[in-house]
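Please keep the sequence and the structure in view while reading.

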Amino acid sequence: MPSSDHRSGDQQISPGTGFGDFIQPFQIEDLGLMGRLVRLDSSLESAFKRQNYPDEVAQLLAEAMALTASLSGIIKFDGIFTLQAQGDGPVNLLMSDITSDGDMRGYARFHEDGVAKAIARPGSMVPKLLGKGHLALTVDQGPETERYQGIVELVGASVADCAQAYFSQSEQLETAIIVVSEINEGAQPRSAALMVQRMPGETEDTISRDMEDEAWHRAVVLMSSIKADELLGDELSASQLLYRLYHEDGVRLYPLREVRHTCRCSRQKVSSTLASFPQAEIEEMAEDGVVTVTCEFCKTDYRFGKKDVAELFKQNLGV
Ligand SMILES: [Zn+2]
């Protein structure tokens, strides 16, 4: 890799990392932009295991997860960032969340027949599979803090289009996002997201504003020159890819943040959820005396026998 540009020398460009599961934050100094490159592979494989998603549903979720990881970098938070899309289509719920530590999970709820019929029709993923509905972004930092939520209607062809619409409707910073995925039978699923965001301008005069607008335009044009197979391939590492796009503009890479697929469900969490319902209702759920609760994210079964259920409600009453 050439390093003639002093700002992009080996001090700031880390060695190639290839593919993997990570968020690579960066800054383009000369253009006044912040950005993030996200790549996911084994985290998707782990999230898709035991789910039997049709390819198109897997693709939707792979892109939603890459988008979640890239959006989670926008705000500083200590907790959980959630992306949730709900619609009236055959995929009626798409959910993906990530903690500030990089623990990520996601799942799609779908009707198999409906998906098969929808796939057979021409058209783009979001209108065909999700239908009409909304996309919500939530930041939860615990019970003592204020919950942030932004909502936008499901618009456009892809999940990235919906996020793009969210940024143009709300008074957020100007943002450009590309999200791509590759789902092939027998191969590891992959998705990637590239996002650039304009930093708030410090100058008020027209000449500087014009220059900033021009810089933004340049960044978006360069960004759109990247091909899906470059974002999804092994040939270019994150640093090589960003260097190729923005080396003339002084790209600076921040420490890479690893992400991994981890479900946060536990028997204790399921217990407290069950205990929040009327005891009779829970007892009615029993089959052969056993209440089974399955985590939708990881398909883990939590089983509660008669004694366990009785115990739950004893605890609930503080006895
Ligand atoms: Zn789980």
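## Zinc site

The arrangement around the zinc ion is tetrahedral, because the 4 donor atoms subtend angles of 104 to 117°. This geometry, like everything else in the report, comes from a predicted model. The donors supplied by the protein are the SG atoms of Cys263, Cys265, Cys295 and Cys298, at 2.2 to 2.3 Å from the zinc ion. Along the sequence, these donor residues follow the spacing C-x1-C-x29-C-x2-C.

Cys265 sits in the loop between strand 12 (260–261) and helix 9 (267–274), while Cys295 sits in the loop between strand 13 (291–294) and strand 14 (301–304), so the pair ties together parts that are 30 residues apart in sequence. Is Cys295 buried or exposed? With 10% relative accessibility, Cys295 counts as buried, because the cut-off for buried is under 20%. Cys265 has a relative accessible area of 21% and is therefore partly exposed.

Which strand holds Asp103? Asp103 belongs to strand 5, residues 103–110. The side chains of Asp103 and Arg260 form a polar contact of 2.5 Å. Apart from neighbours within four places in sequence, Asp103 is in contact with Asp97, Ile98, Arg260 and Thr262.

Asp97 is located in strand 4, residues 91–99. Its relative accessible area is 2%, so Asp97 is buried. The side chain of Asp97 makes a polar contact of 3.1 Å with the side chain of Arg264. When residues up to four places away in sequence are not counted, Asp97 touches Thr68, Ile80, Phe81, Thr82, Asp103, Met104, Arg105, Arg264 and Phe297.

## Packing of helix 2 against helix 5

How do the axes of helix 2 and helix 5 cross, and at what angle? The two axes come within 9 Å and cross at roughly 35°, with helix 5 covering residues 159–169. From helix 2, Leu60, Ala64, Leu67 and Leu71 take part in the contact; from helix 5, Val159, Ala160, Ala163 and Phe167 do. By class, this contact has 8 nonpolar residues, no polar residues and no charged residues.

Thr175 is placed in strand 8, residues 175–182. Its relative accessible area of 7% means that Thr175 is buried. The side chain of Thr175 has a polar contact of 2.9 Å with the side chain of Gln197. Leaving aside neighbours within four places in sequence, the contacts of Thr175 are Gln164, Phe167, Met195, Val196, Gln197 and Trp216. Phe167 also takes part in the contact of helix 5 with helix 2.

Ile151 is part of strand 7, residues 148–153. Is Ile151 buried or exposed? At 52% relative accessibility, Ile151 counts as exposed, because the cut-off for exposed is over 50%. Ile151 is in contact with His134, Leu135, Ala136 and Tyr166, leaving aside neighbours within four places in sequence. From C-alpha to C-alpha, Ile151 and Ser170 are 9.2 Å apart, and 19 residues separate their positions in sequence.

## Positive phi in a loop

Most residues other than glycine have a negative phi. Arg50 has a positive phi of about 65° although it is not a glycine. Arg50 lies in the loop between helix 1 (42–48) and helix 2 (55–72). With a relative accessible area of 56%, Arg50 is exposed.

Asn52 also has a positive phi, near 55°, and is a residue other than glycine. Asn52 is found in the loop between helix 1 and helix 2. Its relative accessible area is 68%, so Asn52 is exposed.

## Overall figures

The protein has 11 helices and 14 strands. Taken along the principal axes, its C-alpha atoms fill a box of roughly 70 × 45 × 35 Å.

Of the 319 residues in the protein, 48% are buried. Among contacts between residues at least 6 apart in sequence, 64% join residues at least 24 apart.

Technical notes. Residues are numbered from 1 along each chain as its sequence is written. This is a predicted model: local features need pLDDT of at least 70, side-chain atom pairs count only at pLDDT 80 or more; totals for chains, interfaces and linings use all residues. Side-chain values use heavy atoms; hydrogens and water are left out. Donors are N, O and S atoms within 2.8 Å of the metal (3.2 Å for Na, K and Ca); water is not among the atoms, so sites may look incomplete. Four donors count as tetrahedral if all angles lie between 85 and 135 degrees; four count as square planar and six as octahedral if opposite donors are over 155 degrees apart and all others between 65 and 115; anything else is irregular. Helices (H or I, at least four residues) and strands (E, at least two) are DSSP runs, numbered from the N terminus. Buried means under 20% relative accessible area, exposed over 50%, partly exposed in between (1.4 Å probe, protein chains only). Axes are lines fitted to C-alpha atoms, for helices over the stretch in contact, and angles run from 0 to 180 degrees between N-to-C directions. Contact means heavy atoms within 4.5 Å. Ala, Val, Leu, Ile, Met, Phe, Trp, Tyr, Cys and Pro count as nonpolar, Asp, Glu, Lys and Arg as charged, and the others, Gly among them, as polar. A polar contact is a pair of N or O atoms within 3.5 Å; within protein, one must be able to donate a hydrogen and the other to accept it, and residues adjacent in sequence count only if both atoms are side-chain atoms.
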